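Work through these exercises with the structure open beside you. Try each task before you read its solution.

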Amino acid sequence: MVPCQYLIGVFMLLLSFRVPYIMGEGTEAGPNVLFLMLIFLPLNFLAATQDIAVDGWALTILSRKNVGYASTCNAVGQTAGYFLGNVVFLSLESADFANTFLRSADNQKPYGIIDLAGFVFFWGWVFIISTTLVLIFKKEVDNSLESSTGNGENDEKELELGIVETYSVLWKILKLKPMMYMLVILLTGKVAFAATDGITGLKLIGMGIPKDRLASF
């Protein structure tokens, strides 16, 4: 986890200095979509790897009675991250929002409080500093071996499943009727709303609604 987070932080710091070029600011060509894809592909790869590492770390760092809170923390963190990276950023980056709610009438500016480069630069340092604090102050303790029944031998056997055995158990779980019903619902539940979710925002922006106002609601 630590190497991934350091790489993400360094990647974001370096990326922040090239944001105007990447976004095509000051040019008629606009953003280079292919270059954007090549830039964010390794960043997303590192983020996905870090996500898996954190999930695995949670299974060992939390005691057996608290391991269920890992998914709760994950859900809360994703919601907070979406809010900070979307709603908060678009609002603070908007000149209209800043002039209306954050600046006085005699201090109006044609730009927002922050820009994309500064936002990426800030979170790059947040990644590096938070990872350093975790590395220094958090000691590795494997709480997954903590016995909850008084028979440590039986508890430890649960951790000895290999890859084949793990996927075998997963396959047996997926064949259960309740799981099959749940999978059908999860895989098809968004089909009816896919067009609405994907196009509504773009249509509203095309009709003149500022993206920062759209994000606020």
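The exercises below go from the whole chain to single residues.

This is a predicted model, in which local features need pLDDT of at least 70 and side-chain atom pairs count only at pLDDT 80 or more, while totals for chains, interfaces and linings use all residues. Residues are numbered from 1 along each chain as its sequence is written, and side-chain values use heavy atoms, with hydrogens and water left out.

**Exercise 1. The whole chain**

Task: Find how many helices and strands the protein chain has, and what share of its residues count as buried.

Solution: 
- Step 1. Count the elements: the protein chain has 11 helices and 0 strands. Helices (H or I, at least four residues) and strands (E, at least two) are DSSP runs, numbered from the N terminus.
- Step 2. Check burial. Of the 217 residues, 18% count as buried. Buried means under 20% relative accessible area, exposed over 50%, and partly exposed in between (1.4 Å probe, protein chains only).

**Exercise 2. Annotated segments**

Task: State which residues the UniProt annotation "transmembrane region" covers, then describe the chain over residues 69–92 and over residues 179–205.

Solution: 
- Step 1. Read the record. The unreviewed UniProt entry gives "transmembrane region" for residues 6–24, 31–49, 69–92, 113–137 and 179–205. UniProt positions follow the numbering used here, feature names are shortened, and annotations may be inferred rather than shown by experiment.
- Step 2. Take residues 69–92. The chain there is 100% helix and 0% strand, with end C-alpha atoms 32 Å apart.
- Step 3. Take residues 179–205. Here the chain is 81% helix and 0% strand, and the end C-alpha atoms are 40 Å apart.

**Exercise 3. The largest pocket**

Task: Describe the space in the largest pocket and the residues that line the largest pocket.

Solution: 
- Step 1. Give the volume: the largest pocket holds about 1700 Å³ of space.
- Step 2. Find the centre. Of the 46 lining residues, Met12, Gly81, Tyr82, Trp123 and Phe127 are the closest to it.
- Step 3. Name the elements. Helix H1 (2–16), helix H2 (19–22), H3, H4 and helix H6 (116–137) give two or more residues to the lining. H4 gives the most, with 13 residues.
- Step 4. Sort the lining: 31 residues are nonpolar, 9 polar and 6 charged. Ala, Val, Leu, Ile, Met, Phe, Trp, Tyr, Cys and Pro count as nonpolar, Asp, Glu, Lys and Arg as charged, and the others, Gly among them, as polar.
- Method note. On a 1 Å grid over the protein atoms alone, a pocket is an open set of points where a 1.4 Å probe fits, with protein on both sides within 12 Å along at least five of seven lines; lining residues have an atom within 4 Å of a point. Grid points are joined across faces, edges and corners, and the volume is the space filled by probe spheres set on the points.

**Exercise 4. An aromatic pair**

Task: Work out why the pair of Tyr21 and Phe35 is edge-to-face or stacked.

Solution: 
- Step 1. Recall the rule. Rings of Phe, Tyr and Trp (its six-membered ring) pair if their centres lie within 6.5 Å; planes under 30 degrees apart count as stacked, over 60 as edge-to-face and the rest as tilted.
- Step 2. Apply it. The ring centres of Tyr21 and Phe35 are 6.1 Å apart and the planes are at 75 degrees, so the pair is edge-to-face.
- Step 3. Tyr21 is in helix H2 and Phe35 in helix H3, so the pair ties together parts 14 residues apart in sequence.
- Step 4. Compare accessibility. Tyr21 is exposed, at 55%; Phe35 is partly exposed, at 31%.
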